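Try each task before you read its solution.

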Amino acid sequence: MPTPRIYLAPMEGVTTFVYRNAHAAVYGPLDKYFTPFLEPHEKRSMKTKERNEVLPEHNQGLDLVPQILTNHAEGFLELAETLQDMGYGELNLNLGCPSKTVVTRGKGSGFLASPGELDRFFDRVYKGLPGEMKLSVKTRIGMEADEEFAELLAIYNRYPLEELIIHPRLQKDYYKNSPRREAFRYALRESKAPLCYNGDLFTEKQIAEFEAEFPQEECLMLGRGVILNPGLPTVLRGEADGREESVRREKFREFHQRVVDGYRALDIGERNVLFKVKELWFYQIHLFEHAEKYGKKIKKAQNLETYQECVRELLSCCRIAPPGSLGK
Ligand SMILES: Cc1cc2nc3c(=O)[nH]c(=O)nc-3n(C[C@H](O)[C@H](O)[C@H](O)COP(=O)(O)O)c2cc1C
């Protein structure tokens, strides 16, 4: 079976440009990257954090697609113009975010509750978008019920979407329950846009099972699976050193250090650096065998020096779990 195309999922606060660069440098670039969502602002200017995500010099050599969260066509088009001036040729619309604060403003997966408005949004956006600018969508399958998806997909089919990335959960699922694979199967039959699957692919085994179930699907977006195991794409690409424990641990060490150094270079203060790097251990700790006690120490570290010491200890005492043994 051919290696699927692999995209890194946008994850607010996690797959930042620091993370993306460190990952690409150590594990090799993935096929596409997406920024955590950007929002149009009244004054048109981006927040520093948002600008940092899209600055071309922060994303050298990466195929990056800026993601936008809005239900306002004019705001979308204004931001699209700014991003086009920065050299971007594709944008992604976020129709998946399930968080209450976003949904109650009718954005993210909250926009899926108003198919008529969504249709008008696309109509206005496609009329105003420069011809050469491509638009892709990352979507859930509805708010409350599986039945909502057919109408939503019919809307997507009316427009020349570059790509439709489907996380087949409902808004009400948040990240609970299993992805609703039947909806994805339906999209494979009915979607005019090329599809990319996203959701709960954490291990090589789960990906192999997915590919056996959907042999025609050649594009996967991975989020938590990569954060948990940054070497997962290497293993999927069948690179021999992806399997060697000592090599994997060395690569992780280098990757981790690049992330720490990348945040330190931002001048955001030690506390913020510490917060950013600790956040990753919520996932990463599961990569290591018998690492709970080290995980607790990392969480408790009050400054970067102690933190780095705890990570060094973990990396010298805990082995990386074999590829086949990683569970959720
Ligand atoms: C902490 C966190 C932040 C996220 N931020 C975004 C975001 O900014 N934009 C987006 O489209 N999805 C976001 N997501 C959803 C992921 O892109 C992805 O759809 C989800 O994690 C399911 O994929 P996975 O099972 O491979 O992790 C976020 C998810 C998490 C856990």
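The exercises below cover the ligand site and then the aromatic rings.

This is a predicted model, in which local features need pLDDT of at least 70, side-chain atom pairs count only at pLDDT 80 or more, and totals for chains, interfaces and linings use all residues. Residues are numbered from 1 along each chain as its sequence is written, and side-chain values use heavy atoms, with hydrogens and water left out.

**Exercise 1.** Find the residues that surround the ligand.

*Solution.* The ligand is surrounded by 19 residues, and P10, Q67, N198, D200 and R224 are the closest.

**Exercise 2.** Which backbone atoms lie by the ligand's oxygen atoms?

*Solution.* First take P10: a backbone N or O atom of P10 is 2.7 Å from a ligand oxygen atom. Next, D200 also places a backbone N or O atom 2.7 Å from an oxygen atom of the ligand.

**Exercise 3.** Describe the ring pair of F210 and F214.

*Solution.* Rings of Phe, Tyr and Trp (its six-membered ring) pair if their centres lie within 6.5 Å; planes under 30 degrees apart are stacked, over 60 edge-to-face and the rest tilted. By this rule there are 20 aromatic pairs. F210 and F214 make a tilted one, with 4.9 Å centre to centre and 40° between the planes. Finally, check burial (buried is under 20% relative accessible area, exposed over 50%, partly exposed in between, with a 1.4 Å probe and protein chains only). F210 is buried at 0%, and F214 is buried at 1%.

Conventions: Near = heavy atom within 4 Å. Polar contact = N/O pair within 3.5 Å; in protein donor to acceptor, adjacent residues only side chain to side chain.
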